[in-house]
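Here is a short briefing on one protein chain. Look at the model first, then read the points below.

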Amino acid sequence: RNMLKRGHFHVGDNIETCVLCTAHEEETIDHLIFNCTFSQTCWSKIGISYNFGISRIEATIRAKEIYSSRLLFEIFTITAWNIWKERDNFIFNQINPSYRAWPERTRADLTWLRYRVSPDLSAYITSFVNSL
């Protein structure tokens, strides 16, 4: 079921469909974070391919190979969180989802992460941020 509907939020007529894409798919966590065209573009930007052709487990294994398990959980979480924030910005602030705003927010969150890790990982994050 739709996440807003479950939370008893009434923010408009089309709260059952994903606000990040034009596919008119039901907004579920699975769709929003992995299957939505907006989120798929975000994932591909960081080198993770979540699509209907492979399972999430296979995609995660590939991602672990790409990132050599260095900060994969943190990168995954920050990516998903910023997809969620694009959705919330539209629903609650009427700010249209943007392929430009998402990487800016993701870069900012990853930049803050640099201060919480060892110097070698900080350099890795800096390199990663520069690649977005």
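Predicted model: local features only at pLDDT ≥ 70, side-chain atom pairs only at ≥ 80, totals over all residues.

Residues are numbered from 1 along each chain as its sequence is written, and side-chain values use heavy atoms, with hydrogens and water left out.

**The whole chain**

- The protein chain has seven helices and zero strands. Here helices (H or I, at least four residues) and strands (E, at least two) are DSSP runs, numbered from the N terminus.
- Along the sequence, the pattern reads α-α-α-α-α-α-α.
- The chain holds 132 residues, and 37% of them are buried. Buried means under 20% relative accessible area, exposed means over 50%, and partly exposed is in between (1.4 Å probe, protein chains only).
- Take the contacts in the chain with a separation of 6 or more: residues 24 or more positions apart account for 49% of them. Contact means heavy atoms within 4.5 Å.

**Helix 3 and helix 5**

- Two packed helices are described by the angle between their axes and the distance between the axes. Axes are lines fitted to C-alpha atoms, for helices over the stretch in contact, and angles run from 0 to 180 degrees between N-to-C directions.
- Helix 3 (residues 37-45) packs with helix 5 (residues 72-93) at an angle of about 145°, and their axes are 11 Å apart.
- On the helix 3 side, the contact is made by F38, S39, C42 and W43; on the helix 5 side, by F76, T79, A80, I83 and E86.
- By class, this contact has six nonpolar, two polar and one charged residues. Ala, Val, Leu, Ile, Met, Phe, Trp, Tyr, Cys and Pro count as nonpolar, Asp, Glu, Lys and Arg as charged, and the others, Gly among them, as polar.

**Helix 6 and helix 7**

- Helix 6 (residues 101-113) and helix 7 (residues 119-131) have axes that come within 9 Å and cross at roughly 170°.
- That makes helix 6 roughly antiparallel to helix 7, a term for angles over 145 degrees.
- R107, L110, T111 and L113 of helix 6 meet I125, F128 and V129 of helix 7 in this contact.
- The residues of this contact divide into five nonpolar, one polar and one charged.

**A buried residue**

- T106 is found in helix 6. Is T106 buried or exposed? T106 counts as buried, because its relative accessibility is 1%.
- Leaving aside neighbours within four places in sequence, T106 is in contact with I78, N82 and L132.

**Loop residues**

- Most residues other than glycine have a negative phi.
- H24 has a positive phi, near 55°. H24 lies in the loop between helix 1 (3-6) and helix 2 (29-35), and is exposed at a relative accessible area of 65%.
- Q94 also has a positive phi, near 55°. Q94 lies in the loop between helix 5 and helix 6, and is exposed at 60% relative accessible area.
- A23 sits in the loop between helix 1 and helix 2. A23 is partly exposed, at 43%.
- A23 and T37 are 14 residues apart in sequence and 8.2 Å apart in space, C-alpha to C-alpha.

Definitions and conventions. Parallel < 35°, antiparallel > 145°, perpendicular 65-115°, else oblique.
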